[in-house]
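Thanks for coming. I will go through one model today, and I will keep to what can be computed from its atoms.

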Amino acid sequence: MNRKVLIGFFCFSCVVFAIGVLMNIFINPLSCDEGYNLRDGKCYKYEYVPYLSNTCKSGYVLHEGKCYKYLKYNDFDKYKTCEISKADENIELSYKDGKCLITEFYSGNLKYTCDDGFGLNNNNVCYKETTIDATLNEDGDYVCPSGYAINDKICKKTDYRDPVRSVFCTSDTHVLKDDYCYLETETKEAEACLKGETLIDDKCYVLSEETIKPTSVCPYGYTESDGQCKKEFIKEANKKH
């Protein structure tokens with residue numbers, strides 16, 4: 001390619017570029033910020049967000065994206081749950097820090113002991129018998145010292161004492177308190193609902209198998225569009241200088 005052709009091509013390119021600049025300035029003098037599209041002299045942008053929430057009609061409750069028909073419900077009460085969980089009269093249940101404390105208890109075994117030399121009778125009283133031979137007095141009668149009773153030339157005396165009363169547990173793992181043996185066997189999380197109920201928003205529901213599709217709700221300022229929530233942003237276009 002000769003020099004004249006090169007110069008001619010260069011001049012032609014310059015003219016095309018200049019024409020494009022002039023057209024951009026005079027024919028389309030407006031522009032938009034990044035992310036906006038120019039239309040009819042305005043800048044438009046669309047924002048899409050998920051549904052804000054789903055709602056169900058009366059008699060239904062939203063659970064895992066579906067509206068379930070419910071038969072009944074009750075407010076969840078941790079204390080009540082712990083009490084209802086009680087199955088054995090020898091079990092105590094209490095509520096603390098979100099847990100049901102399960103305590104097993106039984107009456108402690110009574111034990112009576114006596115001092116050395118004393119025995120325990122059927123009335124749980126300690127006794128000790130002392131016997132000595134009776135002696136003859138001046139009249140030839142057999143007599144006993146004071147406090148003794150005579151029986152066939154034998155003097156007999158019985159001393160009584162209260163026993164030492166003690167209570168013990170048959171299991172080393174239990175703790176004795178007020179004559180009862182206690183064992184906190186385990187702690188478990190307080191159950192949210194009773195068997196057959198489902199916890200939804202602090203209420204315990206008995207759900208039916210019947211379900212319907214929830215009604216979708218968009219955030220304020222958004223409208224539903226093609227399964228999404230759509231919002232249109234409009235701003236004035238920028239004038240080119």
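Glu129 forms a salt bridge with Lys156, and their closest N and O atoms are 3.6 Å apart. By salt bridge I mean a side-chain nitrogen of Lys or Arg within 4 Å of a carboxyl oxygen of Asp or Glu. The pair links distant parts of the chain, with Glu129 in strand β11 (residues 126–133) and Lys156 in strand β15, 27 residues apart. Strands here are DSSP runs of E with at least two residues, helices are runs of H or I with at least four, and both are numbered from the N terminus. Glu129 is partly exposed at 46% relative accessibility, and Lys156 is partly exposed at 39%. On that scale, buried is under 20% relative accessible area, exposed is over 50%, and partly exposed is in between, with a 1.4 Å probe and protein chains only.

A word on the source. This is a predicted model, in which local features need pLDDT of at least 70 and side-chain atom pairs count only at pLDDT 80 or more, while totals for chains, interfaces and linings use all residues. Residues are numbered from 1 along each chain as its sequence is written, and side-chain values use heavy atoms, with hydrogens and water left out.

Back to the two strands. β11 and β15 run antiparallel and are joined by 8 bridges. Two strands count as paired if DSSP finds at least two bridges between them.

Arg161 is partly exposed at 44% relative accessibility, and Asp115 is partly exposed at 42%.

What is the phi of Asp152? It is near 55°, a positive value in a residue other than glycine. Most residues other than glycine have a negative phi. Asp152 is exposed, with a relative accessible area of 66%.

A second residue goes with it. Glu64 has a phi near 55°, again positive in a residue other than glycine. Glu64 is in the loop between β5 (60–63) and β6 (66–75), and is exposed with a relative accessible area of 68%.

β5 and β6 pair in the antiparallel sense over 4 bridges, and the bridge partner of Tyr60 in β6 is Lys69. The sheet is open and has 4 strands in the order β5-β6-β20-β19, with antiparallel pairing. Its edge strands are β5 and β19 (198–200), each pairing on one side only. Neighbouring strands of this sheet are turned by 60° against each other on average, direction ignored; the axes behind that angle are lines fitted to C-alpha atoms, and angles run from 0 to 180 degrees between N-to-C directions.

The structure holds 6 salt bridges. Another of them is formed by Lys203 with Asp75, the closest N and O atoms being 2.6 Å apart. Lys203 is in strand β20 (residues 203–212) and Asp75 in strand β6, 128 residues apart. Lys203 is partly exposed, with a relative accessible area of 25%.

A cavity is a set of points on a 1 Å grid over the protein atoms alone where a 1.4 Å probe fits but cannot get out, and lining residues have an atom within 4 Å of a point. The volume of the largest cavity is about 70 Å³, volume being the space filled by probe spheres set on the points. Its lining includes Asp75, Phe76, Cys193 and Cys204. β6 and α2 (78–84) each supply at least two lining residues, and α2 gives the most, with 3. By class, the lining has 6 nonpolar, 2 polar and 4 charged residues. Here Ala, Val, Leu, Ile, Met, Phe, Trp, Tyr, Cys and Pro count as nonpolar, Asp, Glu, Lys and Arg as charged, and the others, Gly among them, as polar.

Notes. 1 Å grid on protein atoms, 1.4 Å probe; cavity = no way out; pocket = protein on both sides within 12 Å on 5 of 7 lines; lining within 4 Å.
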